[in-house]
Amino acid sequence: MPIKLALKKRLKNVFYSFPVQLSILHFRNHLMLIACWILTLLLAIGISGRLFGVKYLFLTPEYLGQVGFLSFFFVGFAFGGFFMAWNLAAYTLSTHHFPFLASLERPFTKFCINNAVVPLIFMVIYLGKMIHFQWYDEYWSGSTIATNILGIFTGFLVTILMFALYFEFTNKDILYFIKKRRSPPNLARNIIKGRRGAVIELVKSDTHIWRVDTYLTERLRPRIVRSVAHYDSKFLLAIFRQNHGNALVVQMFSIMALITMGYMIDSPYFRIPAAASFFILMAMVVSFVGALVYWLQQWRVMFFILFIIAVNFITKYDFLKHTNKGYGLNYKTEKAIYSKGELSKIANPQNVSSDIEKTIQILEKWKKRIAPTTAKPKMILFNTSGGGIRGAVWAMQVLKESDKVLNGKVLDQTVLITGASGGILGAAYMRELYLRNQFGEQHDLYGDKYIGNIGKDILNPIFFTIVSNDLFMPWSTFEQGGHKYRKDRGYVFEKTFHENTDSLMLRTVGEYQQYEESGKVPLLFITPTILNDTKRLIISPLDVSYMMQPPVDLKNQEYMVHDMVDFGRFFETQGADNMQMSSALRMNATYPYILPNVYLPSEPVVEVVDAGVRDNYGIATSARFVQVFKDWILENTSGVIVMKVVGWGRDHHMSSSEFKGVFDAILNPLDMLGQLSMTQAYEHDAYLSFLEGLLGKDKFDVVEFIYRPSASNERASMNFHLSNRERFDVLNAFFLPQNQKSLLKLRELMKD
C-alpha cells in the first residue's frame, strides 16, 4: 500500500508540474499555435506535401548548392527563432494563469525551459527522420550525418544565446528591484479593467484555478511553487508588462530584419535554405496569432474575418496591389483590348494564310538542311510533360540520350517542341545548346554538365523570397528593356534559372525569330493557360494565327471559337518580342502559389497560369500543328513521330466509393479535380487517334518515354528541387527496359 501511495503521489506531482500543465493549457486554449507545430512536423517528415517533395527541404537543405554543416546551421538558426517566437507568444498569452512566475529570477528563461515539451517532441521526431533518411536514402556516412546534426544544434544555440543576451539586459525580475530597493516602472497604469492583466487580483491569493505545484529550474531540477499573495498586484503586473513589451520589440525587430533581407535577394548568399525560410514563416505566424489573441481575446475571430475582408478590398487598388508581370513588356502604353472581335481581327483569313505560308517556308528550309537530296525525312514532334525540376531533367535526359544513340538525328529532325512547365525548361535549354553549337561554340550535349545545371535547386530562393519579400509588399525594383518591375519570387526564379544555366538563355523571345525562320532550331511553342477564360496563349517569335482555332472551312468560321491567342500579334504594341524568354518559360511553369500568376497589359487584364491546366503534354498543340500542315507533311516527309516524354506513369488505382461517411459523400464530386492529369491523358489519347486517322497508320507513330522510379525509390518530387537520390533515379529511368524498348522503336523508325 505505501508503494501504491508513493506512486500515486509521484504521478500527481508530475501531472501538476509546470511543463505538463503548460502543455495541457496550450492544447486547450492555443490550438492555433499547436497547429503551427503539427503542420511543420507533417511537412518535415513527409506526411504532407509528399507530391511536391517538401520533406527533402527539411531533410537535405541546400545553401549555395551544397548540403552540409552550413546549410543545417541556417536551419537550426531559424528553428531557434521559431522556438523563441513560440515561447514569446505563449508567455504573452499564458502568464496571467501562472502569477508565481513574477516572483522568480529570470522568469522568462524558466518559462522557456518548462515550455519546451512540444518543441522537444518535434525535434526528436524530426532528427530521427532526418538520420534515417540520410543513412538509408542518401547513403551518407555517420560522420557526415553527425556534422549535419552539429550544424542544427550550433545554429539553434547561437539563436538562443542572442535572445538570452537581449533579455539579460532588458528583462528585470522582482528580485532585481528588491535588491536595488527601487520601484519598477509603472507599466501597469494603462491596463484596462477586464483585460488579461486584471486577473492578477483574482489569483494572487492562491485561489488560482490553474494549479501548478512544481516547476523546472535552469538546471532541470524541480522546485516548489511559492505563493505571490504578499506581493502588490500592480508590482506583479509591471513585471509582466515589461516582459510583454520586450517580447513585442523582439518580434518587430525580427520582422524588420526579414524585410531587410528581402532587399538582398539578388545575392545567393542571402538565399537561405527553404526549410529555414519556412521556420521563419512559422515564427511570424506564431507571433501574429499570439498578438491577435492577446489583444482581441473574444473578438479575435470577428477581427480576423474583418481583416481578411479589408485586405481583399484595399488590395484591389494599384497603390497597395502587386501583380507580377512579363519582364520586357510595356505596361505603360495603351492596353491591348481582349475581346472576341479583336481576336477575330488577328485570326482573319489573310493573317492565317500569310502565317501558314511563312511557316511552310521554314519547313522547307528545315527539310533542305537535313535532307538535301530527294529523301523524305521523318518529322519529330517533341511533347513533354510538366513536373518541375524533375520534368526538366527527364526531358533533357531523353533528348540527350536518344540524340546520342541516333547520332544527332533526334535534334536535327525535331520540328516542334511543346508541352508544360518543367519539361519545357529542360527542352528549351537543350535547344539553346544545340543552337550555339551550330555557331561554333563547343557545348558537350551528351555530357553531365548541362543536365546537372538544369537539375540545380530553384525552390530555396523562391521560398525565401516568399517569406522575406512577397508576404509583405515588394518595393525593390529592377529594370528590363527600359521598363521597371518589382522584385518578387518570379524575378528570383528567373534570376536563379539564369545563374544555374550559365546565362545562356538570357535572350528575348524575339531574338529567336531569325534562328527559327532559318530552320536551324526546332520551333518552340510555349502555351500557358489564361486563367480568365481557360484559353491558351501561344508564345512564339513567329506569327502563328493559324493556331488560334481549329482549321475549318471559312464558311464554318462563325461556329468556331478561338481557344488560343497568338501572343506575338496580340501584344505587338506592348513589345511582345522584347519579353524575356525566361518570363515565357516561367508563365508555362507557374505552379500555383509557388510562382506568381503573370498579369499581362490588356483590357481586361489577362492572368496567366501553368500550361498543365489545359494541356500538360502539348499533345493538343501538336495535333493542331499537324492538322494545319497536313498536306505539306504528307508530301514532304515519310511520316510524323510524336516523342511523348511523360513525367509519371499512367498506372491508376480507382478508389472505392463504399464505406464513405456523409461528409465524404458531400466532398466526393470534388475528387474529379484530383483526376485532372488522368482526364487529360484520356483526351490526349483521342488526339493521337485523330492524328493517326489524319495521316494514316503508316505515317504516324508515337514513341513514349515514361519516368518511373526504380523499385527501391519513391517517385521524385514535382517541384523546383531534387535530392541527389531523386536526380540519379530520374536519369537512370531512361535505361529501364520499357524506355529502352521505346528507344529501339525510335531507332527503327528513324532508319533511312
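Mentor: In helix 15, the buried residues are N351, D355, T359, I362, L363, W366 and K367. Keep in mind that this model is predicted.

Trainee: What puts those residues on the same side of helix 15?

Mentor: Their arc. They cover only 140° around the axis, which places them on the same side of helix 15. An α-helix has 3.6 residues a turn, so residues three or four places apart point the same way.

Trainee: And which exposed residues does the opposite face of helix 15 carry?

Mentor: Q350 and K368 are the exposed residues on the face turned away from the buried side.

Trainee: What does the length check give for helix 30?

Mentor: Helix 30 has 13 residues, so it should span 18 Å at 1.5 Å a residue. Its end C-alpha atoms are 18 Å apart, which agrees.

Trainee: Which residues of helix 30 are buried, and why do we say they line one face?

Mentor: N739, S742, L743, L746 and L749 are buried. Seen down the axis of helix 30, these residues fall within an arc of 120°, so they line one face. The face turned away carries the exposed residues P737 and K741.

Trainee: What covers the buried residues of helix 30?

Mentor: The cover includes strand 5, strand 16 and strand 17, along with helix 16 (388–405), helix 17 (409–413) and helix 29 (724–733).

**The sheet**

Trainee: What makes strand 5 and strand 16 a pair?

Mentor: Bridges. A pair needs at least two bridges. Strand 5 (residues 378–384) and strand 16 (residues 639–646) are joined by seven, and they run parallel. So the pair passes the test. For example, L381 stands opposite V642 in strand 16, and T384 has V645 as its bridge partner.

Trainee: How many bridges join strand 5 to strand 6?

Mentor: Five, again in the parallel sense. Here F382 stands opposite I417 in strand 6.

Trainee: In what order do the strands of the whole sheet lie?

Mentor: The order is 9-6-5-16-17. These five strands form an open sheet with parallel pairing.

Trainee: Why are strand 9 and strand 17 said to stand at the edges?

Mentor: Strand 9 (523–526) and strand 17 (700–706) each have a single partner strand, so one side of each is left without a neighbour in the sheet. Neighbouring strands here are turned by 15° against each other on average, direction ignored.

Trainee: How many residues of strand 5 are buried?

Mentor: Seven of its seven. K378, I380, F382 and T384 point one way, while M379, L381 and N383 point the other, and all are buried.

Trainee: Which helices touch this sheet?

Mentor: Helix 18 (residues 421–438) lies across strand 5, strand 6 (414–419) and strand 9, at about 150° to strand 6. Helix 30 (residues 737–749) packs on the sheet too, touching strand 5, strand 16 and strand 17, and its direction makes about 150° with that of strand 17.

Trainee: Why is A576 called buried?

Mentor: The cut-off is under 20% relative accessible area. A576 has 3%, so it is buried. A576 sits in the loop between helix 23 (567–570) and helix 24 (581–588). Beyond four places in sequence, A576 touches L329, V509, F567, G568 and F571.

Trainee: And why does L445 get the label "buried"?

Mentor: Again, compare with the cut-off of under 20%. L445 has 11%, so L445 is buried. L445 lies in the loop between helix 18 and helix 19 (449–454).

How values were computed:
Residues are numbered from 1 along each chain as its sequence is written. This is a predicted model: local features need pLDDT of at least 70, side-chain atom pairs count only at pLDDT 80 or more; totals for chains, interfaces and linings use all residues. Side-chain values use heavy atoms; hydrogens and water are left out. Helices (H or I, at least four residues) and strands (E, at least two) are DSSP runs, numbered from the N terminus. Axes are lines fitted to C-alpha atoms, for helices over the stretch in contact, and angles run from 0 to 180 degrees between N-to-C directions. Contact means heavy atoms within 4.5 Å. The expected span of a helix is 1.5 Å times one less than its number of residues. Buried means under 20% relative accessible area, exposed over 50%, partly exposed in between (1.4 Å probe, protein chains only). The arc is that of the directions from the helix axis to the C-beta atoms.
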